[in-house]
Amino acid sequence: MKLKKGIPVIDQGDKLGFWGGKFGGNFVPETLKKPIEDLEILFNKLKKDKNFINERDKYFKNWIGVPTRFIKLENLTNYVGGAQIWSKVVSDANGGAHKIYNATVHCLLAKRSGKKVIIGDTGAGYAGKMLSMAAKKFGLKCKIFMGAKDISRQQPNVKAIKKNGAEVIPVNSGSQTLVDAVSECMRYWVANCDTTAMCVGSTVGPAVFVRICGWSTSQISRELKDQLIDKFGSIPKKLKLYNCVGGGSSSFGFWNEFMDYDKNQCEFIGVEAGGPAESKKHAAPLTYGSKIGILHGAAQYVNQNSDGQIEETESISAGLDYPGISPLHCFLKDTKRARYTAASDEEALIAYKLVTKFEKLKPSLEPSHAFSVAIKEAKKFSKDTIIVVNSCGDAYKDKGIIEKKLGKKYVKSN
Amino acid sequence: MSNPISIALKKANKENRPALLTYTVAGDSSKKQSLSILKSISKNADILEVGVPHNTPVADGSQIQTSAYRAIKNGIKINDIFQVVKDFKKLEKSKPIILMGYYNMIFQYGENNFLKKCKISGVNGLIVVDLPWPENKNFAKKCKDKSICFIQLLSPTTTNKRLKRIIQDSHEMNYLISMLSTTGGKLKVSPHEILKNYKKIKRINPRKKTVIGFGITEKTISKLKSADGLVVGSAICKEITKSLKSRQNPVINVGKLVSRLKNKIK
């Protein structure tokens, strides 16, 4: 299995949509074959269309607000010692997380295809919040599928979704988290694909959804590349990019533009959710060696039992609480381009405490996982090593959990 | 030797009626009970579809989901399902059995192992909901080599060009999804519209048998009588749920339901 240079990773799949011959694909009911093919044709055409790119860039610039900041975490660097710790503050984006890029592109595609309704899944609530924002912006009716457990633990985002005029549809099946929300959303699409567009909230699902999402979030690394050159004159000789990985949309977007660099120069570190330290459950299929299976239309490493039933996950972070992982990350793992590890709930909370203590930055629980590993590893590296952590979400949505786990002062400070 | 599925379809055809296909989930609500249910409906059903429960079913509505989750919760494993089929076949050797499920279960078992086990247990056909054409080409061929009918699904969204190619590659029986819906949806298109699609498929190759499923209940079944076969699934799963809730015997109630269904298409 080999990663090709000079070809975007999203376009390295084969005719049937498999990366490396075995990850991804289209394991979908017959009814979805046609709508997926239609979407593929539309996307393949538009991603080469200058007018469409200009339109995308216009909304990215004027509405989402690009570029997001690239800042040095001076105090944290001094405290930790070792490598310089920087952050790409993607949570600056309109709505407070990277999910806005994919949501915007899906709404633009839906408009082009003449669909009036758009549906989407959400875990942490960000994908849902952003889709509801974009749908409102582009005059589309919007329905968001969300697990009942996530609805109760991510209330600020649920309120935002409703405020944007979208309908929140609670999903009560299974573990009542993201995995069930994606299933229910796909089921709704099966029944309504003639009138409705579907947005999959991460780089998961049938191949075209993986590609659209990866194409959209790649905005992050396009900006970062310019910002790095701006700050250092060139891409640093020792660059390490840390990102949390749930479905994998922010990390893929954070890394994409650096794909062709040698990994000794630009190393990618993906941090999965290890779950509570004392629990056997986790959301880290790459770190803990889960087997390949089929989930939501794609072949990927996925937590499952020997019969092929998908296993329940557990993580403090709703956005990472997913048993599978993007086929793109499976591909990056097996080609050894990226390195994957996990942080536990407790480690993420400690990292959150440290970052908020030293910096004017409040990463949500998802990027707190990435900060945890970055902080741990920074000590081992030389001063000329540049660590960049993608702070891809804002902690506002987690205020309930953080207050419960760490006390009130961590919600109020900063 | 003809596949029992073909024989059953031909027999119904000779009797000038559609074949009745039932769908129940293996292990719902227990291994033993699901076997009893199969026995009780086999008098009136021509072909038995046995669902392999999966916990992330992307094409099933709430009735079948409820049955599947119940079966999984009660501990059904894939080897138990083969055992249920085997036990049933000891009593009713010629009654065709189709396993219906999602690809991950087959993938984890290993395609070859799975088919070997199907053969030993007496499975006659397979429906794999999320393994569409052309992705299913290799697996369908392996099925054919083992004389197991791989049933292709056709949908109202399937383009004409695709229909032709799928039917060309298909085995003894195809399955037309009546409408855009998960299983168990309310029939939202007219029977006339469904039969129009059906006839279009039959025109491509009149010799290939095509059954219709999704949204078929006691109320709607007689309107689709002209098809080669009709599948009832969610209505049966719903009956099981209802019986369990009211502490009645699902085996008896489902048996009665299937008998009523049969009377409507005679």
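**Chain contact, sheet, core and domains**

In this predicted model, 31 residues of chain A and 30 residues of chain B make up the contact. On the side of chain A that touches chain B, at least two residues each come from helix H1 (30–46), helix H8 (178–192) and strand S11 (292–295). H8(A) gives the most to this side, with seven residues. The class count for the side of chain A that touches chain B is 13 nonpolar, 12 polar and six charged residues.

Chain A was assigned two domains. Domain 1 covers 26–60 + 98–214, and domain 2 covers 66–96 + 218–412. Their centres, taken over C-alpha atoms, are separated by 23 Å. The contact between them involves 37 residues from domain 1 of chain A and 39 residues from domain 2 of chain A. On the domain 1 side, several helices of chain A give two or more residues, among them helix H4 (99–112), helix H5 (126–137) and helix H9 (207–217). Helix H6 (148–153), helix H7 (155–163) and H8 also belong to this group. The largest share of the domain 1 side, five residues, is from H8(A). By class, the side of domain 1 that touches domain 2 holds 19 nonpolar, 15 polar and three charged residues.

Chain A contains an open sheet of six strands. The order is S3-S4-S14-S9-S10-S13, and the pairing is mixed. Strand S3 (69–72) and strand S13 (338–344) of chain A form the edges, each pairing on one side only. On average, neighbouring strands of this sheet are turned by 25° against each other, direction ignored. Within the sheet, strand S9 (residues 239–244) and strand S10 (residues 266–275) of chain A pair in the parallel sense, over six bridges. A:Leu239 stands opposite A:Cys266 of S10(A).

The largest nonpolar core has 220 residues. The members that touch the most other members are A:Ile85, A:Ile118, A:Leu131, A:Leu241, A:Ala374, A:Ile387 and B:Leu230. H8(A) supplies the largest share of this core, eight residues. Both domain 1 and domain 2 of chain A give residues to the core, so the core lies between them. In soluble globular proteins, nonpolar side chains tend to be buried together.

Leaving aside neighbours within four places in sequence, A:Leu241 is in contact with A:Phe254, A:Trp255, A:Phe258, A:Cys266, A:Phe268, A:Ile269 and A:Val388. One of these residues, A:Cys266, is the residue that stands opposite A:Leu239.

Definitions and conventions
Residues numbered from 1 in each chain as written. Chains lettered and ligands numbered in written order. Predicted model: local features only at pLDDT ≥ 70, side-chain atom pairs only at ≥ 80, totals over all residues. Contact = placed C-beta atoms within 7 Å. Helix = DSSP H or I, 4+ residues; strand = E, 2+ residues; numbered from the N terminus. Nonpolar A, V, L, I, M, F, W, Y, C, P; charged D, E, K, R; others polar. Pairing = 2+ DSSP bridges. Axes fitted to C-alpha atoms, helices over the stretch in contact; angles between N-to-C directions. Core = buried A, V, L, I, M, F, W, Y, C linked by C-beta atoms within 7 Å. Buried ≥ 20, exposed ≤ 12 C-beta atoms within 10 Å, placed from the backbone. Domains from an automatic or database assignment.
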